[in-house]
Amino acid sequence: MHADPQEPNRIPDDEPQAAERPHQFREEGEEERRYGVEPEFVEEVVSLLHDDGRRDALRAEINRLHPADVADLIEQLGHDDREALVEVLRPDFDGEVLSYLNQDLREEIVALFEPKELAAAVADLETDDAVDVIEDLDEETRREVLENLPAADRALVQENLTYDEYTAGRLMQRDLVAVPQFWTVGKTIDYVRAATDELPEDFYDIFVVDPMHRVVGAVPLSRLLRQKRSVRIADIVTEEVDTIPATMDQEEVANLFRQYALVSAPVVDAAGRLIGVITVDDVVHIIDEEAEDDIRKLGGVGDTGVFSGIGDIAKSRIWWLAVNLGTAFIASGVISLFEGTISQIVALAVLMPIVASMGGNAGTQTLTVVVRALATRELSSSNALRVVGKEVLVGLINGVVFALLVGVIAWVWFSPMIGLVIACAMIINLVVAGLFGALLPLGLDKLGVDPAVASAVFLTTVTDVVGFFAFLGLAAAMLL
């Protein structure tokens with residue numbers, strides 16, 4: 001929206017002008033560039049939702065927002081206001097808004113539409129976006145929505161749905177530009193201009209195919225537009241094209257785009273025939289989704305988010321909290337072995353949490369780096385030993401630094417010997433934290449277990465047990 005910078009996203013008192021206003025950016029020199037909708041705008045929308053006389057103006061203004069901003073607006077509203085806004089937008093609801101919504105919230109919004117309305121909303125979407133919306137519907141609703149789609153669109157969506165979830169076949173869009181090798185640049189440009197209804201809204205490469213519709217190369221649009229019309233496509237084609245099997249996992253697709261800085265890539269079936277294309281905007285969503293998934297798993301919160309129901313959130317967290325409780329008892333068992341030592345030297349009880357906490361935090365730092373490196377394929381068997389060695393060395397350096405700091409404090413606070421004990425325990429625990437923070441995810445990955453899921457709870461157990469055992473064991477040996 002283009003509005004007064006002092007009143008961003010403000011809905012005017014009169015009917016809005018016809019000029020499209022997809023985004024609002026601050027001018028050069030202003031303090032901050034803002035994206036999406038402002039809190040003041042959200043508050044104004046809420047007030048106008050309850051004013052029946054202004055709903056037409058509200059609808060017209062919101063329809064001029066970018067679909068991503070409309071999704072942002074819906075996510076910031078409460079449950080009742082979301083339903084009221086959908087009711088206002090229902091007559092000409094833009095299906096693209098659904099593709100930008102949080103998945104948990106999308107299910108809630110989709111449930112507000114009849115199957116015919118939903119089919120009309122997704123009919124104009126790219127195949128991949130339509131599949132993304134339809135695949136999460138229950139069987140009955142999905143069938144009704146598909147029945148109400150145009151026949152050609154229905155066939156493409158159904159074919160995409162035959163591929164496993166999280167594969168390139170689900171992710172690809174079916175609209176693309178493919179031409180034979182013998183065409184000229186002029187003929188290709190004329191085709192692109194004439195076939196506007198059959199081509200994707202945005203595309204970056206023109207794929208060159210043989211008579212069997214197998215990919216033999218690609219021509220970037222930038223190269224095509226620099227050539228004379230008489231030049232043959234075969235003379236400017238790039239033959240080394242990374243084709244993606246429809247069965248490839250989406251994480252592998254993201255790694256391929258990241259590795260070779262791709263903008264788009266063709267998707268082929270088992271026979272090598274061109275059936276779709278994946279573009280960089282799709283991959284951005286994959287990378288975001290995979291990163292979010294790793295973060296949630298490391299935190300032990302399952303698949304739930306801020307828009308999930310309270311019951312689902314509680315259920316997803318109970319399991320890992322129960323596992324953590326079990327490991328806490330293991331650590332407590334180690335402490336109980338030195339009950340006599342602690343009773344004689346009360347200072348140990350005061351200092352124990354420091355050793356365990358520092359080890360856990362240091363291990364989590366290593367774990368985060370290694371799990372992410374495994375996910376992006378930056379870490380493999382060829383460099384694993386080097387990475388483990390580096391993390392152990394980092395643990396040793398940090399251990400020495402904090403051993404000196406904590407040792408001096410404990411020396412002054414209690415006694416020189418207690419300072420020496422905690423310093424030694426700190427070095428041991430931080431070295432072990434670095435070692436196991438790297439080894440645990442590597443070992444779980446080798447066993448075929450997702451390291452993001454199980455590494456954290458095991459690492460916490462190791463650092464707690466080693467930290468308590470080292471500290472209390474050294475205290476028993478040196479102080480009694």
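Modeller: K446 is exposed, with a relative accessible area of 68%. Here buried means under 20% relative accessible area, exposed over 50%, and partly exposed in between, with a 1.4 Å probe and protein chains only. The model is predicted, so local features need pLDDT of at least 70 and side-chain atom pairs count only at pLDDT 80 or more, while totals for chains, interfaces and linings use all residues. Residues are numbered from 1 along each chain as its sequence is written, and side-chain values use heavy atoms, with hydrogens and water left out.

K446 belongs to helix α20. Helices (H or I, at least four residues) and strands (E, at least two) are DSSP runs, numbered from the N terminus. Helix α20 covers residues 416-446, which is 31 residues. From its first C-alpha to its last, α20 reaches 45 Å, close to the 45 Å expected at 1.5 Å a residue; the expected span is 1.5 Å times one less than the number of residues. After α20 comes G448, with a positive phi near 85°. K446 and R232 are separated by 214 residues in sequence and by 50 Å in space, C-alpha to C-alpha.

The partner of α20 described here is helix α18, residues 347-375. Two packed helices are described by the angle between their axes and the distance between the axes. The axes of α18 and α20 come within 8 Å and cross at roughly 30°. Axes are lines fitted to C-alpha atoms, for helices over the stretch in contact, and angles run from 0 to 180 degrees between N-to-C directions. The two helices α18 and α20 are therefore roughly parallel to each other; angles under 35 degrees count as roughly parallel, over 145 as roughly antiparallel, 65 to 115 as roughly perpendicular and the rest as oblique. Their crossing is right-handed, meaning that the near helix is turned clockwise from the far one by less than a right angle, with anticlockwise giving left-handed.

The contact involves H79, R82 and V86 of α4 and L105, E108 and I109 of α6, where contact means heavy atoms within 4.5 Å.

Two strands pair if DSSP finds at least two bridges between them. Strands β4 and β5 run parallel and are joined by two bridges, with P245 opposite V268 in β5. Strand β5 (residues 264-268) pairs with β6 in the antiparallel sense over five bridges, and V267 stands opposite G276 in β6. The hairpin of β5 and β6 has five residues between the strands, and G272 in its turn has a positive phi of about 85°.

In β6 (residues 274-279), six of the six residues are buried, so β6 is largely enclosed by the rest of the structure. By contrast, A261, in the loop between α14 (250-260) and β5, counts as exposed at 64% relative accessibility. A261 has a positive phi of about 50° although it is not a glycine.

There is also an open sheet of three strands in the order β1-β2-β3, again with mixed pairing. At its edges are β1 (178-180) and β3 (215-220), each with a single partner strand, so one side of each is left without a neighbour in the sheet. Neighbouring strands of this sheet are turned by 35° against each other on average, direction ignored. Strand β2 (residues 205-209) and β3 pair in the antiparallel sense over five bridges, and D205 stands opposite P220 in β3. The loop between β2 and β3 holds H213, another non-glycine residue with a positive phi, about 65°. H213 is partly exposed, with a relative accessible area of 35%.
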